[in-house]
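Dear colleague,

Please find the structure below for your records. My notes on it follow.

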Amino acid sequence: MARGTPAIGKRHQKTHTFCKRCGKQAYHIQKKKCATCAYPASRTRMYSGWGLKVARRRGEGTGRLRYLKTVPRRAKNGFRTQNGLKAKQQ
């Protein structure tokens, strides 16, 4: 079989689909593993040595920061709880 134009027409099966965690089309259907973030492994795949731009795109501080954005304000006030009591010092 030729490797050129006729062979391109036979490529109609998808090996990768969208990943639940990172949203990229890198989840391998047969292997059941994401090539980008290594889902379903609990630790996110990250190669910081040769992927500096990628580390900047995905690192801490690039998302919504749902929890971390409130920490400096709460630290300033001594991590007060809802009922007005200070958290126990340990």
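Two strands are taken to pair if DSSP finds at least two bridges between them; helices (H or I, at least four residues) and strands (E, at least two) are DSSP runs, numbered from the N terminus. This is a predicted model, in which local features need pLDDT of at least 70, side-chain atom pairs count only at pLDDT 80 or more, and totals for chains, interfaces and linings use all residues. Residues are numbered from 1 along each chain as its sequence is written, and side-chain values use heavy atoms, with hydrogens and water left out.

Strand 1 is joined to strand 2 (residues 27-28) by two bridges, and the two run antiparallel. Within this pair, Thr 17 lies opposite Tyr 27 of strand 2. The open sheet has three strands in the order 1-2-3, with antiparallel pairing. Strand 1 (16-17) and strand 3 (33-34) each have a single partner strand, so one side of each lacks a neighbour in the sheet.

As to the cysteines, the structure holds zero disulfides, a disulfide being a pair of cysteine sulfur atoms within 2.5 Å. For Cys 22, the nearest cysteine sulfur is that of Cys 19, 3.7 Å away. For Cys 34, the nearest is that of Cys 37, at 3.6 Å. Cys 34 is buried, with a relative accessible area of 2%, whereas Cys 22 is partly exposed at 31% (buried means under 20% relative accessible area, exposed over 50%, partly exposed in between; 1.4 Å probe, protein chains only).

Finally, Leu 65 is located in the loop between helix 2 (52-58) and helix 3 (71-76). Leu 65 is partly exposed, at 32% relative accessible area.

Yours sincerely
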